[in-house]
Amino acid sequence: MMSPILDVSHLGIDFGGLQALDDFNIQVDAKEIVGLIGPNGAGKTTVFNLLTNVYKPSRGSISLTGQDTRGKSIHAVTQSGIARTFQNIRLFRDLSVIDNVKIALHNGMKYTMAEAILRLPRYWKQEKESTATALKLLDVFNMAHLANEPAGSLPYGSQRRLEIARALATNPRVLLLDEPAAGMNPSETQELMDTIHHIRDMFDIAIILIEHDMSLVMGICERILVLNYGLIIAQGTPEEVRNNPVVIEAYLGQQRGE
Amino acid sequence: MMTKKNVGGRYLLNTVATCLLFGAIMLVVESGLINRYMAMMLIPVGYNIILATSLNLSAGFLGQLPLGHAGFMSIGAYTCALFTMAVDMPAAVEFPLGLLIGGVAAALCGVIIGLPALRLRGDYLAIITLGFGEIIRVIILNLDFTGGAFGLKGIPKYTTIPVVFVCVVITIFAIHTLIKSRHGRAILSIREDEIAAEASGISTTYYKVLAFSFSAFFAGIAGGLYAHYLSILGPANFGFMKSVEILVMVVLGGLGSMMGSVVSATALTLLPELLRGFSEYRMIVYSLLLVIVMIFKPSGLFGRYDFSLGDSLGKIGSIFRRKKKPEQGGENDESDS
Amino acid sequence: MTLIYQLINGLQIGSIYALVALGYSMVYGIVRLINFAHGEIIMVGAYCVWFCMSRLALPALPAVAITVIVCAVLGVSIERIAYKPLRKSARISLLITAIGVSFLLQNLAQLIFTANPRMFTNLFTGSIAIGTQEISAATVATIGVSVVLMIALSVLVNKTRIGKAMRAVSEDADAAQLMGINVNSVISFTFAIGSALAAIAAVLYCCSYSQISPTMGSMLGLKAFVAAVLGGIGSIPGAMTGGLCIGIAESLTKGYISSQLSDAVVFGILIVVLLIKPTGIFGRGDHQKV
């Protein structure tokens, strides 16, 4: 049996006495697409922040391809293979679309600062290569023609797609998407679903996604975890989760409360 | 994207333009078209350009606000001056060597200060660099070999217009090429969004310290030029006032615009000299400028626009030829004054 | 003996720092800005009280009252004219503007009053003997007035309606706005109170140190700012504690090491605090939202 790419066990964090997340366990295999759902404030984004070391866990461990990520800085975690997007889009707004992607390709380039300042051959070669790689990546999202536009000027949906492209440029094993379809219309969402499938196959990566759009979650996730009040209350295939009374209660309870 | 030949052409174009500019300056100076006094003003213009463009690296491109740039300048100035006064070598050897040592000393201080300071954000960073700047000043004031409050006297007058010109060109070239590289993009990404930069695999601490010490290096060089221009040094020359003066140049020109820094450093150095009797009001005008620019045009005169000779000639050419617009691939542009 | 003398000296200058630090701290708590111009308000206050007393020959009390009003109005105007238009823009722009305002005031003062220092006559003459130690009345008055003002401020912030509004705005300005709090007037009120405290600090400072110059505010302001950071910026008890600590540290350095190094020691403290606990003694950690 193949060991999972991402192995999280008993993960938990407290914010000033409040248990924001507790006993979170997940094993993700290569090329798997996992959905993370739950009412607002259930702790979904907290999971992502813990996986990328933005927050330090109070308990538990995270291992990525057998390596413990504890104590690593955020960029080191990214370099070891977890990339993410943000719920409230965080692009380098004033930089061009292609530069956004090329920044994430940074660690793939090896020329030194001296080579850059003196403009030695390795600079030209690797810059040319990374431009080509970035354009290819943008092309996956049909954005190559926008390469020189400032990222902040793109429409909302394109900004979300650019964030995914940027995350992919770090060459991850696991991709975390935080509400990738937020603010998209149904046809854009449909297109996004196809793209997610496509990049999974193309780049051989596992994907964990947080999403409120149930058609998307049910449509592409092979497995779904349901969080409520910082705890996993259910998990299984889309069918199982859909029919689970605990899940229905959590969502309906939430609706009544709203 | 740009072809190889095109890039080579741009380098040639800029080299020729730089040489022409140098020739023009020397011609004007030597022929006596401007008086000796005004000719000598070109030296302060030069080192102020270096100070402004180097501060622009950390303020405009990195997006932090260091308030101790004069501190780095003073380290370069004292190190360089003490070196040239101590050793006995031909000027052509000891001066460039001294400048380099001064720059390296300032860069080292940049690392020492930057490592702890850059963990802090925004206002805290500003205040801690201000604190370091003041501490450097107090230390220089209290050391024996720096001459204390009396300062250093009799520093050889090595700084000439060609030397300053070469230093300016090197500074602009190095900062420009740094910015247009993967290292430069990493620096820019920190300005744009630190968390997203980290999430994209950029070690923000490393690149902050890098940009900070790079900027300190050139401040140190400017300090060395300054010391060997005035031939006397005192700790009072490097107070908080001087740091703010440099900041005004950067802000007025536009945070993140090299050309802006060059133009405004030139203008703000020459203006007070051109308008006699103005000196009493100089600082008032500076501070008013700072406030007014921030309120009405926070991006400065040039925003983040940078001049590119190749692009500009291309545009002019295209107007004449009435063909379609030339490609706007900015990534290999060369800009210099 | 000298130790007690140095400590009392430290308490005295420390209470002045504390009064000024309160202004930095309150303003920072509400608009997240290091108000660089705050030090210059002290300087303006000093010139104002000097002008009222030695040029207009006013008695002390009205002179102080006028000074407090002038400084409060100045503080509010600076906020309205220079900071308010930038409230939504980048923090770096706001900070640069504050530096600009600070320099403007300093250089205007230099133009009007020249760089030569003016002499101020102490309002509190005489001294009190405690044991064999003579303590000047000015010292006693400084410490006494500061204590009273700090208690009054604590009551204002914790017990009154406007105090509650100030705390609400500092917690979350947008939410406070939605709750019907007039954020603009709360901000103005904060600047007014902070500047009024600076005015009183200026008077107390002049009584002990008697020299007034255009640049007097910058170093005093910076040290008070260090005090605010040490105590935990945004915290009122923090500003008071920080002020006293800085005052005592400075006075001990002057007494036992070297008076030239006292500035370096103060900034050294700042650096150490920022590196070890950037939130200061009483500060709350600010949790970054992702």
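This is a predicted model: local features need pLDDT of at least 70, side-chain atom pairs count only at pLDDT 80 or more; totals for chains, interfaces and linings use all residues.
Two strands are taken to pair if DSSP finds at least two bridges between them, and it is in this sense that strands β1 and β2 of chain A form a hairpin with two residues between the strands, in which A:Gly16 takes a positive phi near 50°.

## Confidence

For the complex, the predictor gives an ipTM of 0.91 and a pTM of 0.86. The per-chain values of pLDDT are set out in the table.

| Chain | Mean pLDDT | Residues with pLDDT of at least 70 |
|---|---|---|
| Chain A | 91 | 97% |
| Chain B | 85 | 90% |
| Chain C | 87 | 97% |

Within chain A, the element with the lowest mean pLDDT is helix α10 (residues 245-257), at 70, while helix α3 (residues 97-104) has the highest, at 96. In chain C, the lowest confidence falls on strand β2 (residues 127-130), with a mean of 74, and the highest on α3(C), with 94. Chain B contains a stretch, residues 323-337, over which pLDDT stays under 50, and for this stretch the model has 42 contacts beyond four places in sequence.

Strands β1(A) and β2(A), the latter covering residues 18-28, are joined in the antiparallel sense by seven bridges, and A:Gln19 in β2(A) is the bridge partner of A:Asp14. On the pairing of β1(A) with β4(A), which is likewise antiparallel, there are five bridges, and A:Leu6 has A:Leu64 in β4(A) as its bridge partner.

A:Asp14 forms a salt bridge with A:Arg59, and the closest N and O atoms are 3.1 Å apart. A:Asp14 lies in strand β1 (residues 6-15) of chain A and A:Arg59 in strand β4 (residues 59-64) of chain A, so this pair ties together parts that are 45 residues apart in sequence. Over all chains, a search of the whole structure finds 22 salt bridges.

## The six-stranded sheet of chain A

Chain A also has an open sheet of six strands, in the order β6-β7-β8-β3-β9-β10 and with mixed pairing. Its edge strands are β6 (82-84) and β10 (231-236) of chain A, each of which pairs on one side only, and the twist from one strand to the next averages 20°. Strands β7 (residues 174-178) and β8 (residues 206-210) of chain A run parallel and are joined by five bridges, with A:Leu176 standing opposite A:Ile208 in β8(A).

Helix α1 (residues 44-51) of chain A lies across β3 (33-37), β6, β7, β8 and β9 (223-228) of chain A, and runs at about 140° to β8(A). Helix α7 (residues 186-203) of chain A packs on the sheet as well, touching β3, β7 and β8 of chain A, with its direction at about 155° to that of β8(A).

## The contact of chains C and B

Which polar and charged pairs does the model place between chain C and chain B? The count of salt bridges between the two chains is zero, and the rule finds one residue pair in polar contact across the interface, with both residues at pLDDT 80 or more. Helices α3 (60-83), α4 (91-113), α9 (216-231) and α11 (262-276) of chain C each supply at least two residues of the side of chain C that touches chain B, and α4(C) gives the most to that side, with 15 residues.

The contact takes 43 residues from chain C and 40 residues from chain B. Chain C and chain B bury about 3,600 Å² between them, and 80% of this area is on carbon and sulfur atoms. On the side of chain C, C:Ile96, C:Phe103 and C:Leu275 lose the most area to chain B, together 17% of what that side buries.

Methods:
Residues are numbered from 1 along each chain as its sequence is written. Chains are lettered from A and ligands numbered from 1 in the order in which they are written. Side-chain values use heavy atoms; hydrogens and water are left out. pLDDT is the predictor's confidence in each residue, from 0 to 100. Contact means heavy atoms within 4.5 Å. Helices (H or I, at least four residues) and strands (E, at least two) are DSSP runs, numbered from the N terminus. Axes are lines fitted to C-alpha atoms, for helices over the stretch in contact, and angles run from 0 to 180 degrees between N-to-C directions. Buried area is the accessible area (1.4 Å probe) that two parts lose on being put together, summed over both. A salt bridge is a side-chain nitrogen of Lys or Arg within 4 Å of a carboxyl oxygen of Asp or Glu. A polar contact is a pair of N or O atoms within 3.5 Å; within protein, one must be able to donate a hydrogen and the other to accept it, and residues adjacent in sequence count only if both atoms are side-chain atoms.
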